[in-house]
Amino acid sequence: MTATRRRGAELEAAVLEAGWDILSDRGYSALTYEALAQQAKTAKQVIYRRWPTKRELLFAVLEHHGTKLPTVEVDTGSLRSDILTLMRASNGRITDLTAIFSGLIGTHFDQVEATPRELRAALFGNRANAVDAALDRAVARGEIGPGEIPERVLALPYDLYRHEAVMSLAPMSDEVLVEIVDQVWLPLIGKYSGRTESE
């Protein structure tokens, strides 16, 4: 194999993109230094120097791919529609992510030495919270009151969504998304925020 002469950021990006391809297509067990060097057309020693452990390599791959994920910006005019739009966007990207996480928390979990929460944080980073923004708009419209909402309630729709995703390893039906929002989340938001009637 003849290594392609690339350096610095160009080489690093090529290696990490090849790592994502391997991870999403074949799973964590296939993400070896040998396979990565072959796919990225570089020397194995080059990869070892940058990421000396497989855990560091995995997090670097997730963080690099996470920077490419689209940011969903939504303002539909109602809290219910905003949240459903955000959850539908996540649902459209769930297949690859559930495949990856199912492999990581299965037979290879001990090798990774990382929790699903840490892996998710590596992938999505510290993005602005779209749910908080939707709630702020709902308060400004008078759709809900300004009461303090517990963090657990704020996180609930995506906690339930991730549970469904892990259990089924497939996108949810739209009916399930609507049930999460209408039957569980919005009633709790109304309870804690001091919802106002504004039809």
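Histidine 65 lies in helix H4, which spans residues 54–66; helices here are DSSP runs of H or I with at least four residues, strands are runs of E with at least two, and both are numbered from the N terminus. The model is predicted, so local features need pLDDT of at least 70 and side-chain atom pairs count only at pLDDT 80 or more, while totals for chains, interfaces and linings use all residues. Residues are numbered from 1 along each chain as its sequence is written, and side-chain values use heavy atoms, with hydrogens and water left out.

Histidine 65 counts as buried because its relative accessibility is 19%; buried means under 20% relative accessible area, exposed over 50%, and partly exposed in between, with a 1.4 Å probe and protein chains only. Apart from neighbours within four places in sequence, histidine 65 is in contact with Trp20 and Leu123, where contact means heavy atoms within 4.5 Å.

The protein chain as a whole has 11 helices and 0 strands. Of its 199 residues, 39% are buried. Among contacts between residues at least 6 apart in sequence, 71% join residues at least 24 apart.
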